[in-house]
Amino acid sequence: MGEPIVVFRNAQGRAYALEDRCCHRGVQLSLGSITAAGSLACRYHGWEYDGGGRCVHVPSLCTGTPVPEGFRVRSYPCIEQEHYVWVWMREGPPTVAAPAAIPGAGEHAWRQGTVEVACSADLMLDNILDSSHIPFVHVGTHWAYFLNRMSGFKEYEYEVRLTEPGLVVFYPPVADAQTPHQEHAASYLQFDLPDRVTVFQRGVKNSFFLVIHLVRTGEFHSRVEWPMRQREGGHGAEWLGDENVTLQQDGVILESAQRNYRDFGADFERSVPADFPLLSSRKIVSLARAGRWASDRSSLTQRKLVLVRQ
């Protein structure tokens, strides 16, 4: 959201999030260090902050001189859950008790990482919901690329359905809107507001399950956080940093597109039926930003079968 944040742990191991700017001379607190008492010390003059953002020690103040009450930085409410520290960005206290759970987070081993991309989170969401790009962008990395190479392009129908938190795209379609997709789907993409996409592909012995979070770091920049369930079970998460070739392939394409959207707007766009999921997600995000998703989502197409060739 364009706000620099520093995350640190106190002496008891609890995570805190503060604005990444010392209130003395503006140096990034993330350049600092943690004291034995668990405070965050600025690297410039050693000013120390507690988890609430209050400056608790100024080394240059003489003995007996209290730190003025106004010496503080913004503190963000945060919670540690399922291999992440989640930060509440709005003013005021959180309106939800916790983030939506990641299914099976404590029941499987996971690999996770992060990829920064010079494009908006909205453009990345478009890309994830657009499966027709895979044979061209993800050469040698994506299972659907190899399937296309073996079998060629095929015509088939998939279903797009609005849900309470967003939408889901799945194959094969089911008989009616009351039939749950999870039990029948061979594959699905599920978008949940505000920023989560779940990718599922059923396998003969093991199924692929990936969760993607789209972090909005700026108007034309985003960060993709991804935990992926491992086949062997177990527990915990292995951190892989930016080692994700598939997302890096997306980044090359999307950064190119973003430059044109930034410089020329979107009037050049032309769309085809395969673009229905991403066009729907744009409407969902637009309603959510206006605070009208709960009240106006009934105005959108609730269920649609889309015939594509890919």
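This is a predicted model: local features need pLDDT of at least 70, side-chain atom pairs count only at pLDDT 80 or more; totals for chains, interfaces and linings use all residues.
User: Let's start in helix α1. Why is Asp-126 called buried?

Analyst: Happy to begin there. Asp-126 is found in helix α1, residues 121–128. Its relative accessible area is 9%, and buried means under 20%, so Asp-126 counts as buried. Leaving aside neighbours within four places in sequence, Asp-126 is in contact with Leu-278, Ser-281 and Arg-282.

User: What makes Arg-289 and Asp-122 a salt bridge?

Analyst: The closest N and O atoms of the two are 2.8 Å apart, and the cut-off is 4 Å between a side-chain nitrogen of Lys or Arg and a carboxyl oxygen of Asp or Glu. The pair therefore qualifies as a salt bridge. Arg-289 lies in helix α5 (residues 276–289) and Asp-122 in helix α1, so the bridge ties together parts that are 167 residues apart in sequence.

User: How do you know which of these labels, exposed or partly exposed, belongs to Arg-289 and which to Asp-122?

Analyst: By setting each value against the limits. Arg-289 has a relative accessible area of 57%; exposed means over 50%, so Arg-289 is exposed. Asp-122 is at 25%, which falls between the limits of 20% and 50%, so Asp-122 counts as partly exposed.

User: How many salt bridges are there in the whole structure?

Analyst: A search of the whole structure finds 16. One of them joins Glu-80 and Arg-9, with the closest N and O atoms 2.8 Å apart. Glu-80 sits in strand β8 and Arg-9 in strand β1 (residues 5–9), so this pair links parts that are 71 residues apart in sequence. Glu-80 is partly exposed at 46% relative accessibility, and Arg-9 is partly exposed at 39%.

User: What makes β8 and β9 a pair of strands?

Analyst: The bridge count settles that. Pairing needs at least two bridges, and β8 (residues 78–81) and β9 (residues 84–87) have four, in the antiparallel sense, so they pair. As an example, the bridge partner of Ile-79 in β9 is Trp-86. The two strands form a hairpin with two residues between them, and Glu-82 in the turn has a positive phi of about 55°.

User: Why are β3 and β6 called edge strands?

Analyst: Four strands form an open sheet in the order β3-β4-β5-β6, with antiparallel pairing. β3 (33–34) and β6 (55–57) each pair on one side only. β3 is joined to β4 (residues 40–41) by two bridges, and since at least two are needed, that pairing counts. Ser-33 has Ala-41 as its bridge partner in β4.

User: Last one: what makes Glu-69 and Arg-72 a salt bridge, and where is Arg-72 found?

Analyst: Their side chains meet at 3.0 Å, N to O, and the limit is 4 Å, so the label of salt bridge applies. Arg-72 is found in the loop between β6 and β7 (75–76). Glu-69 is exposed, with a relative accessible area of 57%, while Arg-72 is partly exposed at 35%. Not counting residues up to four places away in sequence, Arg-72 touches Cys-23, Gly-52, Gly-53, Arg-54 and Cys-55. Arg-72 and His-24 are 48 residues apart in sequence and 9.3 Å apart in space, C-alpha to C-alpha.

Methods
Residues are numbered from 1 along each chain as its sequence is written. Side-chain values use heavy atoms; hydrogens and water are left out. Buried means under 20% relative accessible area, exposed over 50%, partly exposed in between (1.4 Å probe, protein chains only). Contact means heavy atoms within 4.5 Å.
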